[in-house]
Amino acid sequence: MRALISVSDKTGVVEFAKNLKALGWDVIATGGTMKLLEESGVEVINISTVTGFPEICDGRVKTLHPKVHGGLLARRDDESHLQALRDNDIEFIDMVCVNLYPFRKTIEREGVEMAEAVENIDIGGPSMLRSAAKNFRDVTVVCDPADYEKIIAEIRTNGNTTPETRLQLSAKAYTHTAEYDACIAGYMRHAAGLNEKLFLEFDLVQSLRYGENPHQSAKFYRTSDEVPYSLATARQLNGKELSYNNIQDANAALNIVREFSEPFCVGLKHMNPCGAAVGKDAVEAWTKAYEADKVSIFGGIVALNRPVTKEVAELMKPIFLEIIMAPSFTDEALEVLCAKKNLRLLEVRMEPSAVRPQQWVGVNGGLLVQEWDVDTVALREDMTVTKKHASAAEMADMSFAWRIVKHVKSNAIVVVKNGSTLGVGAGQMNRVGSAGIALEQAKAAGVTEGLVLASDGFFPFDDCVTLAAEYGVTAIAQPGGSVRDEDSIRKADELGIAMLFAGERHFKH
């Protein structure tokens with residue numbers, strides 16, 4: 001039995017080769033792999049001895065040879081194939097152990113030129129993997145060091161790998177080469193300015209208990225890129241498994257958290273914030289967010305951008321919550337919160353990032369792709385379109401409301417005072433309907449003066465301004481851009497309301 005070993009990732013390869021030799025296998029090797037094995041005392045056969053041809057072109061050509069691929073691809077139940085091997089003095093190769101040049105790691109390095117990237121495109125490796133994988137009935141193909149132990153155990157027990165294992169390893173090899181080629185294609189296509197094809201690669205994180213509803217199956221996958229504010233790389237410290245809806249809601253909460261550098265807390269239900277606030281510290285931010293809507297936060301998700309301390313944990317513990325997310329939890333906080341065995345605690349990496357991730361949304365028969373809406377224009381006094389200008393306190397509240405409203409389902413209206421949401425109107429079919437919901441919530445909280453209001457889209461009529469004034473709103477932030485903007489400006493001037501046009505909208509469907 002003969003194994004051909006040529007690996008870039010040399011983890012465990014010496015021990016693997018030694019075990020094969022101990023089991024009576026001959027080992028063929030190339031380049032750096034051969035040097036490492038020989039230095040480690042493993043007797044190997046040089047690939048050039050097998051092919052009768054030297055490595056050429058700086059090692060670009062060494063295994064692309066009939067004595068390699070004939071030994072891999074020949075069907076051992078086909079006499080004509082066997083005769084062809086005899087006629088051409090070709091021996092079987094019973095195993096290929098190959099992993100590929102580190103193309104992805106190369107292009108991830110800052111400042112890498114295309115010439116270096118191209119030199120890390122493996123040609124012979126994928127060819128050998130595909131040949132071995134095609135002939136899996138007789139050939140074992142290995143591309144992952146994690147499989148070495150299992151393969152050696154099977155050979156030791158059975159004299160060879162089992163047919164079931166060879167099929168699994170074949171599928172794994174084709175997956176490996178497909179991912180590799182997709183990465184190369186993506187890089188080259190970007191360099192060439194081509195975009196008529198989209199290649200996506202995701203790894204399974206976990207199978208979920210069910211999807212949006214119990215009769216729907218679901219899985220959670222992640223990209224190979226690590227990004228901040230991501231559940232895919234969060235560390236769960238307590239509680240049961242996340243559900244499909246948990247992940248959706250938690251992701252929405254994290255997208256709101258990333259808007260704020262000051263201490264901030266948000267409570268979220270069904271993809272919309274139910275209470276959000278800034279404070280001097282995590283305790284004040286949580287207290288204000290909870291007080292904003294004590295009813296809706298029941299069974300909700302909470303995210304903070306500051307560590308959860310024992311003081312915060314003790315305030316949260318009496319409330320029924322599904323998930324608490326933060327950059328960290330103190331040991332004392334964990335002692336308090338872990339007493340609730342079903343409460344999910346997630347430690348999430350939170351820091352500013354220049355990464356502009358893409359958003360993928362499935363539609364029937366297709367896929368919509370866009371950049372995430374991560375940028376938010378800062379509100380400035382010179383955006384004022386009314387005679388009255390907002391006070392410093394109103395500007396601060398409008399800045400807060402503007403960052404929140406972009407994360408509320410359209411049509412979206414948010415009412416704020418003192419850095420805390422008092423009313424959230426979400427997902428209504430008309431804007432004045434959302435405004436009515438948000439303003440009634442503020443009134444129910446007993447606040448009827450000094451409010452600010454933010455809208456994710458422009459006002460097509462002056463009805464929202466009129467209604468806002470009735471509930472004590474003194475300043476409004478909206479995108480502007482309606483053909484009837486002047487109606488709203490005129491009404492605001494009439495009612496003594498300051499209004500800013502941010503010049504950007506934040507629809508969220």
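**View 1. Helix α4 (residues 66–73) against helix α8 (residues 124–134).** The axes of these two helices cross at roughly 25 degrees and come within 8 Å; axes are lines fitted to C-alpha atoms over the stretch in contact, and angles run from 0 to 180 degrees between N-to-C directions. That makes α4 roughly parallel to α8, a term for angles under 35 degrees. Helices are DSSP runs of H or I with at least four residues, strands are E runs with at least two, and both are numbered from the N terminus. In α4, V68, H69, L72 and L73 meet S127, M128, S131, A132 and K134 of α8, where contact means heavy atoms within 4.5 Å. Five residues of this contact are nonpolar, three are polar and one is charged. Here Ala, Val, Leu, Ile, Met, Phe, Trp, Tyr, Cys and Pro count as nonpolar, Asp, Glu, Lys and Arg as charged, and the others, Gly among them, as polar. The model is predicted, with pLDDT of at least 70 needed for local features and 80 or more for side-chain atom pairs, while totals for chains, interfaces and linings use all residues. Residues are numbered from 1 along each chain as its sequence is written, and side-chain values use heavy atoms, leaving out hydrogens and water.

**View 2. The salt bridge between K67 and D89.** The closest N and O atoms of the pair are 3.9 Å apart; a salt bridge is a side-chain nitrogen of Lys or Arg within 4 Å of a carboxyl oxygen of Asp or Glu. K67 belongs to helix α4 and D89 to the loop between α5 (79–87) and β4 (95–99), so the bridge links distant parts of the chain, 22 residues apart. The count by this rule comes to 23 salt bridges.

**View 3. Helix α16 (residues 431–444) packed with helix α17 (residues 463–470).** The two axes are 9 Å apart, at an angle of about 10 degrees. That makes α16 roughly parallel to α17. R431, V432, A435, G436 and L439 of α16 make the contact with D463, C464, L467 and A468 of α17. By class, six of these residues are nonpolar, one is polar and two are charged.

View 4. A cis peptide bond, with omega near -10 degrees, runs from S410 to N411.

How values were computed: Parallel < 35°, antiparallel > 145°, perpendicular 65-115°, else oblique.
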